[in-house]
Structures are given as structure tokens and as C-alpha cells.
Protein chains: 4
Amino acid sequence: MNQKFEVAIIGGGVIGCSIAYYLAKEKMNVALFEGNQIGSKSTSAAGGMLGAHSECDGDFEVFFPFARSSQYAYSQLKEELNHLSGFDIGYRKGGILKLAYNESDRNGLRSILSQPTVKWLDKEAVREREPDVSSNLLGAAYMKDDVNVMPIAVCQAFAKSAQILGASLFEFSPVLDIQKKDNSFLIQTATSHVEAKHVVVANGVWSTTFFKQLGLDHQLTPVKGECLSVIDEKATLKHTIFHDHYYIVPRNNGRLVIGATMIENDWNERVSLSGMDTLIAKAKTMLPTVADMKLDSFWAGLRPQTFDQKPFIGHHPEEEGILFATGHYRNGILLAPATGQMIRDLILKRQIKNEWVEAFKIDRRQPLLLRR
Amino acid sequence: MNQKFEVAIIGGGVIGCSIAYYLAKEKMNVALFEGNQIGSKSTSAAGGMLGAHSECDGDFEVFFPFARSSQYAYSQLKEELNHLSGFDIGYRKGGILKLAYNESDRNGLRSILSQPTVKWLDKEAVREREPDVSSNLLGAAYMKDDVNVMPIAVCQAFAKSAQILGASLFEFSPVLDIQKKDNSFLIQTATSHVEAKHVVVANGVWSTTFFKQLGLDHQLTPVKGECLSVIDEKATLKHTIFHDHYYIVPRNNGRLVIGATMIENDWNERVSLSGMDTLIAKAKTMLPTVADMKLDSFWAGLRPQTFDQKPFIGHHPEEEGILFATGHYRNGILLAPATGQMIRDLILKRQIKNEWVEAFKIDRRQPLLLRR
Amino acid sequence: MNQKFEVAIIGGGVIGCSIAYYLAKEKMNVALFEGNQIGSKSTSAAGGMLGAHSECDGDFEVFFPFARSSQYAYSQLKEELNHLSGFDIGYRKGGILKLAYNESDRNGLRSILSQPTVKWLDKEAVREREPDVSSNLLGAAYMKDDVNVMPIAVCQAFAKSAQILGASLFEFSPVLDIQKKDNSFLIQTATSHVEAKHVVVANGVWSTTFFKQLGLDHQLTPVKGECLSVIDEKATLKHTIFHDHYYIVPRNNGRLVIGATMIENDWNERVSLSGMDTLIAKAKTMLPTVADMKLDSFWAGLRPQTFDQKPFIGHHPEEEGILFATGHYRNGILLAPATGQMIRDLILKRQIKNEWVEAFKIDRRQPLLLRR
Amino acid sequence: MNQKFEVAIIGGGVIGCSIAYYLAKEKMNVALFEGNQIGSKSTSAAGGMLGAHSECDGDFEVFFPFARSSQYAYSQLKEELNHLSGFDIGYRKGGILKLAYNESDRNGLRSILSQPTVKWLDKEAVREREPDVSSNLLGAAYMKDDVNVMPIAVCQAFAKSAQILGASLFEFSPVLDIQKKDNSFLIQTATSHVEAKHVVVANGVWSTTFFKQLGLDHQLTPVKGECLSVIDEKATLKHTIFHDHYYIVPRNNGRLVIGATMIENDWNERVSLSGMDTLIAKAKTMLPTVADMKLDSFWAGLRPQTFDQKPFIGHHPEEEGILFATGHYRNGILLAPATGQMIRDLILKRQIKNEWVEAFKIDRRQPLLLRR
């Protein structure tokens, strides 16, 4: 095989598949390369909260509008992707309750509470909605627009829809090398050679590999997240509850997902006993009745963390044909649609909000590395 | 524990759970006993077609209207159960194509084609809708109202909704003995004794046990059905296709379910190599491109078959407090709502169509056994 | 089917399969009925320690010699069963260290330490053998003869060997009813009727059902045990370690099994979050390095507990053709060979140690129930 | 991390782990890098036959003695590795029957039958040993020394033993780049940089990547092999049976492994329906009773094929510090010990049979590529 494509995407997680989808919709000739199976790594490990509010730590100027636009895109994607691919992405309303146990917690919520879409509920109001939540609460910030989806279903629905629209997907095809050749790039995988005008690096924490190959000295740090799921026989929980980076998400199959630990620099994709221990302790604090629930499953994934915990989305500083869409840290599922749209617009040279370009460009802080 | 209930249901498959749901909605005090886990036996093995038309072999007077009313109930249940329990039952439109390879097949479809909701498509029309279907076709009967659901999700959604409405569910609680005591019944399980005014026997092919205990000489024959699922990477199939009791059902998770063999009197719930062989051969005949698809999973379940392949739904001939809801053969998922409603109406002494009562009563043919 | 057998065994766990094996070796015509799959319930949940010493709480007159004879039988069975069936039962030496953290623990070990096969190791000697064991130890009782096996492999090896020697095994065949008929018994299963001279009730905690049917007022209480396994990448542990009914068993596939909780009267065969929590806490106390190990799997099973925690092995008090072999509590795997041999000897009217007959007969304490 | 090692091994399959083991035994300071988990790719998909005879197609001068020496090594490794690591490698005798259905098949066996360790059995003699084998046979070549092992257990036992002897194992650590630096090599993984005097490329079909990086124009072709396993309830089979590259291997857990298809240039590691179809058809031809056996599992792996189907074992033609141990095609498990020993001897500059060096060197045919 020695095919030519307009765009080659490296990485078949939710980011890469969203990009493939939005480009295929524009009739671009797209190829996506995934070393393993579509959505089988960090994507499948995600909780699936679309926490535009709950994950926003104070940046209401740039990050929040970007996240909101992405969250909003999902409300349309659920029909659009189902229509095309037959997939159900498990879009589930309910909202998120960000719990406060004390005044300090409440202060931490102050900025988010200033948003019109968020309101403070005191303990009684929280427990009216969720009677089994801890009685040690002060109250909670209620973000009614923060919904959740099934991450693996989102990713596979993007992939299949892209394919139906003409994209070429290559699973079990790790990309080994990218070489410039005249005005395009030669991509060598374990299985083939292809040529592409544009290359998008979108393989999460493993993108670091290509940074160096492409003359950049950037780093992504893995932050391992461990999760477990339990069987909620009594339909205890209606809302996602959230405290201190931990969450309990109710799914539309009767399960609660409890996540997630934050282990920096651990590349091992298995769950440790100490991680389980932490998750159980934290879950019991938020929702004491989980202690009696039955364990269903457990898993882990690696979040790609940048220096400022914002993603890298944009062109290579010197090589316009190369683009990055990685480093989404805790927010890959949430930001996938907006990232896909932004990469599409960059490639098609459409207008994009300048503050997003500036905020997410890869060279926003670090100087360029001298080329080899 | 020695609790009292108005109704005790034996069996936590889709039939028992539907009954529990419809009774709990009427504020009846209901207990359901399942020897294993909710929905873990035949229910979880079902394909999930709501084939009111495709499974109807000519009985348009009684069986078909009953099946249609049940099929129709699903279109409301999908919201109702989701609202109550948070479950998504995977309701998926698309319709069923019952294939005809030759005139003899076409003749077999004649009676169904007389229904106004069914139409004949010739080969070109079929392949316009489903380009990958076998080119050896003559055509197909298209039943656009025959949709599909996820059986295990339906069953768990009924169960959890019933529980939320006040029903008591006991998993891992096989019922061992039913004894009459004054005006009610003592039910002994491996784990408890309870008392109930009404007892509903709804545990599929294993109901035979209770027939004998209850003075009836009826038999249910197991008809094992083996299935497999494959990954349909290219979203080949939009409709369920069906021929000669075999089917390929597209699911909303990118899988195709291929079913099902018909092995009489085999109680072994595992899949045999010869069953796989048959399924693959049959699937290739219907949809040649399945040969390249990747195997995802395989499983089997036991259909409970009565002498005339119609279910037993109704009172014990001599003991009004005992009811039966079993023997649903290939149609447990399809008929679950109508069965739940009928049992509810029998217990609450509401009006029911007399022809349904007559068609499904357990003593419609066989004489009573002398009591022990 | 209406076959005749000399012996019908109810229950395809390790006890029933051992009995089938020892009877088949004597050319008895044996049938075994299992409601599910061979070895799929409590047997598969067991840790597999052959803890003749470690599980013996002071009864050195009767229980200990019985347990030792059974433990000894395994040293021969490993070859015998492998030769017949091709199965490897995973017999693994190493011995058990019963840990003492303080003088009170040590006192609890006094009686076992009086045995010539057990010796006291002080902290240094323990940590020389097992460097990663807790440094808070006082020492440990070392029982070098207490080895371990793979329970499911033992059970399947017994079953297959019995079958090769002529026994008939019926899986997916729950026994529903036992009726006396002249000099034999009619056994009705969901799938068939058979006749047998002798019936052995050996289905663990579910045997209670038959007690009542057979005129006995005995009870078995389920004591749920939850377990987990971890990947011991560094081959940390050579010996089984044990404290306060919890244990960590190294397996010959690089896993450590951590067990087991003791939850009375819980029939639910799933693992609870609180059970996981307890196991992790306990394991960290014994072997702090487990915290970093990776979780592999988790499961639970129901131990059948009698009033005095000794099994019921012997004839029905009034009906010689009925025998019991159940209630093995924590010791099913350990006692399976000796139980199989004892039932064989009772049926064949061979000589048996009288103190074993007396200690294990079902009516050793409770009076008979009046027959229905 | 920036550690220095004497040897860095790329690939944690059975070949890499064997090399790590034999080097660690010599107290070499070894690091092994595996992109996924130890033994999780082609190794775990192998059948585990040690078919020195059955896989030998006529090369009795060089390949056969090499394979025999490796097969012989296993008879010692089983104790050695168990003693060190606690692992049981599932070494199982029984021998292999290479079936002949007709004279043409028999002619194909002529050369192997000339070996003193192989004998011809006519149909009656075959069916005396294996009564259920096809009755269409002419006879079989019986290779009594060809035994089998559990591939994943062998690999993990090598890995853990190596670790106990001091080797460093890095899972989830794909190697991205090898750079020469003075007299050693810099190895960059996704997770670290290390320095090593010697680098051994041993990652199967994915080794091609490094060939090019290291200036070689060699290719490994993937030949996908699909397998399934069934439950042999009746212990039908004692010997491995083999015909036309297909085999049925009895395992010591009551399963039969049926393998394997030969799909060239397919990198997709999933099992296709057509593969299942082929395996079932082939298995029924060899052992008709498999049709009734129950399916247990299915899987696939990629065999690395060289131009002449012999492995590449030896030094880089120009760069002595780089070694190759890959391309073992159908014989990775069989040849792992001999390969580990040969790489050890090459690094330690011990004497090796010259014909092995010549037969397996990577430049035995192809010219060198010009360096980039």
C-alpha cells in the first residue's frame, strides 16, 4: 500500500476519531492510524462526564467557553452520530453536584458559582435530590448542564461515522516515523507507507515520541487514573457527584463509575491495590451506601498532562503541515468535539477565535528545540 | 425473615420482571425471587427482536394482536423505564427483512404479506436498502414496525423500576417449595420463608418443576439457542435480516448478533462447535460479508417450548391464587410487556380479551393430573 | 431417560466429585447431578490451602487426623489424577506461616505448636524466609506440610477421572425431588428421572433444601467469603501467610490470592466494596508490599457452616440409603479426599474409624424432625 | 531514569524473556522493554507444541538439531523455572501424531520417518491410541518426544526468574529509538532513556521497525494464526494431532486447543468468522467428535515470517553491539531456549556451532542497505 491522503491522523482515541469525523464531513480524504484498537486506551478508561463547569478551575475567559461549546456540540452529536452509525453514545442528563463539606470547600466553588448556569444547594436541598449522599455536607454547587456519555461509544461512533463518510481507518497500525517529502509527509507504520499533506498527532500521552522526532522539546506526563464500577441495585444516584477530583457517575446500565486516582508518571496501565483502597475510601465519604454495593469491574488509563494542564491544539510552530491535538489531561471526552472542529478549521483555514489559538498552541511557553 | 406479600413471582427473567413492574405500578406489594442474578439466563441470551410480524406464523386472530400490543407497549416503555430507572433499553428502529431466496420461501411469506404493515420488496429494493445482502435473493418481506431492544437492559430496567416503585427483589434465592396455607401460600426459598396471596410461576423452562408440585402434568421442552456476535466495522447492516428462524440483528454498539440454533431437549447452556458451524454457514448465506468480520462473543440460552409453542399465561385451573407466565419459546422479550399486563389484569380482576385467556390458559388441551 | 444407578450424588463441587471418583474406582455405577457447571460455585471460590494444621483449632483427637489423612491423600492424587485425566491440580509446596503479631496471637498458636510437624519461627527467621512480611511481627508458626492446590483443577480432575472410570456426570441438572420407592430412590431433576440405591447429598449450603425434604430439621448457614487476586511481579511470596482467618496464597501462575471475608447469612455471591476494603486492609497488614501490586480478579463463594463447624458426613439417621457429605465450611478442598473415601467406605460397608463416624454424623446433636 | 545496562532487550515475548533469563543467569546486567504486558501478544496465542519433529520440514542438518536442543532444554527448564519462580510451565508429554489420510500425505512424512525417534503407526495402531480420531486415516507418524507446554506460563516464568536473578523488566515501555553513542547505545522508550552496551531486537513481527532504523532492508511478514479452544469433557485426546499445519493440542486443564490458520499480511489481531469456519471444518476432519464439544475461547496472534521461514539470530552485520532474535515464525515457543542460549553465547563470545551462526544470521541472503 502506498496511498495518498489529505490528512493523516495519528491516534484512534476519542480526539483522533473526532477529528476524522469532522474532516470526513467536509469530504476531506482522511486516514487514521491506531496502534491498537479504536478507543482501547485512555478513552475507554474515562468516566465520561461532560464537566464543562465541574472541571473548570477558574479560567472563564478561554477554557470555559471552549469547553461549553464542546459540551453543547454533544447535544447534537447524539442524534447525528446515531443516525449515521447506529451507535448510541449513552448521553445522560442529570447534572453534576460538586460537593462541599466545609467552608474551605465552599470557597473553592466560589468562582464557578458566579456562573449563571450554576447554583448553590444547601445540604437539605442536596439530600432532597440525593438522599444517600453523605450527611456531613455543607452543600453543593449544582451544574445542571454537566451531563455524561459513554466514552467508548462516543469514540466508536465517531470512528464508524467517519468511515461511512469516507475516512480510512487503520487499526493495529502504530506509526513509526514521519518524514517530510517536498510538500507532504511520508508516514511509515508497522504495516504500510502513506503520504499525506497534513499530519495530526493525536495519540495522547504517547505523542511525546513525535514531539522529539518533529524537533520539539515538549513533554506530556502520564497521570494514571484508576476507576472501578459497582452495581447500584437500588438506583441510588441520579446525579454525578464530585469532590476533590473524585467522582461517582451513574450510568444508563445500572452501574456507578467511581473514579479516579491521579498517579503522576506511572505508565503501568493496571490498577493497584492502593488505588482501589483510595477509591473505596473516597466513595464511602461521598456516598456511604456504596459500601454495600457489589463490585462490577475495574480499569485504568493514562491522562496526558501538559505543563499548564491545557491541551496542545494547533500547528507545529515551523511546519504548518503538522498539527497537534493532544494533552487533554482530564478532559479528553469533554473537549473532543471542539478539538475536532478546531483542527478542521485550522486545516481548512477557516476563522477561529484567536484566544483559543493562542491558549492552546504548543509553543505558548516553551522555546523551540534546535532541529536535529 | 418471614414477610407477607400480595404477590410472589418466581423467576427474575424478562417475564417475571415485567410482571413485577406492572404490579408495582398498581401499588401491589410484590416480591420477586430469582435463583441466580436478574436476567442472567435465557433473557440475556435473546436476540432482542420485537418480531411481532416476523415471528408470527399465521395466527393473525389471537397471537398476532397480542404480540402487536406488546410491541407497541415498548415504544412507551423506553421512556418510562428510562425516566424511572436511568436505564436505556436500547430501542432501535430499522425494521426486519424476512428474506426469500426462492418461490417456496415467498409462498411461506404470503400470509404475513397480507398484513397492511408488511410489504414485499424485490431483490433490487432489498439491496438498495442493504447492499451487502446475498445476491441470490428473490426479495424480502419488509416489516418496518419490527424493531429491536437490548434484552438484558429491558429486564434490568423492569427490575429496577419495580424496585423503585416498592417491589422487593431477591436474587440468589431459588424457590424450593410452595405450600398452600389457608388462603395464601408459603414459599420456601434457599434463603427465606415468605407468605403470599398470589404466586406467579415465571421461570421459563425450569417452571416444569412447579407444574408437578402443583398437580399439573404439563411439560416445557428446552430448545437451546446458540448465538454469536461480530464487530461490524463498516456499519454494513441497518435492518435485522431473517431467514428460516435465523437472524442477524444490528445492535447500537456496532455489533451484529447472529442467532440462533434450535436444539431440542439440550439443557447444556454452553455453545457447541457444531452450533457455531451452523450459525456461520447460515450467516454467510444471508450476508456474505460477515465472513470477514471479527468474532466478538458467543453464548446460549434455553427457550421454554410448550406443546403448541404458545405461552402459558393464566390461572391454575383449580387454584386461583397460582398463576403461570411461562413457555414463551422464541418470544419472551417481545411478549414480556403484554404478559406483565395480562397477569396484572388477572390478579386485579380487570377485563381481559377472552380469546387471549382461552388461547394461553395452561389447561387448553391437557387434562388435569390427579393431585398427589 | 430413566436410568438406574447404584449411587446418585447431588452436587458437582469438590466434595461430590471426590465421592464420584472414589466410588467409580471401585467400579460402582455412579451418577452425579450438578445444577450448574462442575466446580462453578463455592469450589471455584476457595483459596486452595490444604491447611490441616492451620485450620485446626485445637481438635487434635478427631478432626486433625481426618484432615491430615486427607492432606496426605493429595500427595498421591496429584499423580493419579494427572495420569488418568491429564489435569494438573496445581499442587504446590511451601508451607504456611501463621503469623503472630503479639503475645495474644502467640498464645492462640500454642496448641498447634505442640504438634511435632509445626515449629515456631521468631521474627528474624520469618523475615529470612519472607523478607517482605510485616515488620510488626513477633513470629509465626510454620507448618511446612500445609501446601496448596488449585481448587477448580482438583474438582475437574476428580470429575473427569470419575467419568473415565465409568461415572455419569450430568451438568445443568438441578435435583428437584427425591422420593423413596421400594428399596431405592427416585430422583427427579429438571432434565430427567433416575433411580438409585443410594443418594448422597453433597451440594454445600444448598443441601438444606434436602434436609427438610428428608425429614431433618438441620440448617446450614452460608458464610460468604470474598477474595481477590493480585499479580506478584517480583515473586515476593514463597509461603502462604495466614492471620486471623485471612490468608495470602501464592499460586503457580504468578498470582497471590488474598482471602477471605466471613459474612454470615449472605447468599449474594457477588463481592461488596466493603469486602474489598477489608481484604486490602488486612493484606497490607500482613504484607505491606501488596499495596503496589496490581489487581487481577475478584470473586466470592458461600461456605456451608454447621452448628459446630464440622461437616455432616454419614447416613441419614433412619434411612440408610441416604447419605450426607456437606457442611465443610472453610475446609471443603482440604477434606474432599477423606470425605470421598469415607462415603465410599460407608456405602461399601468397609471399616471406618468409629470416632469419625460419631464426630461427623448428622444427628450428633439435633433430634430428628417428625416426618411429614 | 537514566540507567546503564550491559544488555537491553526489546520485546517481552517468549524470545526476549528467554534471553533475559539466560543472560541474568550469567549475572549480566540486563534490561527488558515490553510495549505492553509480558507475553501478551504472539506468545500468548501460540499452541505450545514443542514440535521439533513435527515442524521440521526436511532440514535435518541444521534446523532440526537446533530445535531438538531447544526441546531438550525444556525438560530441564520445567524444574529450574518452577524452583526459581514458583511457575508451572505446563509441560505435558504425550507426543504428536502427524496424520496421513492418503499416500500423498504419507510421502510427505517420509523424511521425518527416517529419524530414529519417529515411527509409522498404521490406522489401527493410531486408533488404538486415539479411538476418536478420524476413521479415514491411512496412519500417522508418531513423534513421541514432541511434547507441549503452556506458552504464557513459559514466558512469565522466564521473565520472573530473570527478575529474581537481577534483570530489570519494564512493561508498558515501547522502545522508540536506538541511537549509537560512543561504544554503547542510547535507547529511548516512551517512559525513559537508558544506555546499553548491547541491544537485542526481539519483538517479533514488529522488529521490522528497527531493521530500517538500523540500516537493514529486511522484512518480516505477519502470518496471522487464529485459534480456538473447546472443553473436552470426556478426555478424548491424549496426543497432539497434526495435519497440514493444523493441530489439536490437549492441555492439562481439560481443554483442547485447535489451531491455527495462516493468513499472510494481516495485522489485525482479532479472529474472523471465516477463520473460525476453517478451524471447525479442519478439526472435524481430524477428530469428528469435536463437533459436540463446547466452545471455550478464541484468539489470534501474528507469527513473524522471514524470507526462508528460519529465524534471524545473530549480530548486526556491521554493528556488533546490535543483535537480532526474531522471525521465529511458527516456532517461537519451541526455539525460545536455544535462542536465549545462542544470544547469551554470542554476547559472551562463547563457542557456538558455526552452522547455526551461518544459518540464522540476518544477512544470509539480502545485501545491506545503505545507511541513512
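Start by selecting chain C and chain A and showing the polar contacts between them: 10 residue pairs are in polar contact, both partners at pLDDT 80 or more. Here a polar contact is a pair of N or O atoms within 3.5 Å; within protein, one must be able to donate a hydrogen and the other to accept it, and residues adjacent in sequence count only if both atoms are side-chain atoms. What you have open is a predicted model, where local features need pLDDT of at least 70, side-chain atom pairs count only at pLDDT 80 or more, and totals for chains, interfaces and linings use all residues. Residues are numbered from 1 along each chain as its sequence is written, chains are lettered from A and ligands numbered from 1 in the order in which they are written, and side-chain values use heavy atoms, leaving out hydrogens and water.

Strand S12 (221–231), helix H9 (273–286) and strand S17 (294–305) of chain C each put at least two residues on the side touching chain A. H9(C) gives the most, with 6 residues.

Now pick Arg270(A) and Glu233(C). They form a salt bridge, with the closest N and O atoms 2.9 Å apart. The rule (a side-chain nitrogen of Lys or Arg within 4 Å of a carboxyl oxygen of Asp or Glu) finds 4 salt bridges across this interface.

Switch to surfaces. Chain C and chain A bury about 2,000 Å² between them, 65% of it from carbon and sulfur atoms; that is accessible area (1.4 Å probe) lost when the two parts are put together, summed over both. Select Leu273(C), Lys294(C) and Leu295(C): in chain C, these lose the most area to chain A, together 33% of what that side buries.

Then zoom in on Ser85(C), in helix H3 (residues 63–85) of chain C. Is Ser85(C) buried or exposed? Ser85(C) counts as buried because its relative accessibility is 6% (buried is under 20%, exposed over 50%, partly exposed in between, with a 1.4 Å probe and protein chains only). Its side chain reaches the backbone oxygen of Leu81(C) at 2.6 Å, and a polar atom of that side chain lies 3.0 Å from the backbone nitrogen of Phe87(C). Leaving aside neighbours within four places in sequence, Ser85(C) has contacts (heavy atoms within 4.5 Å) that include Ile164(C) and Ala235(D).

Technical notes: Helix = DSSP H or I, 4+ residues; strand = E, 2+ residues; numbered from the N terminus.
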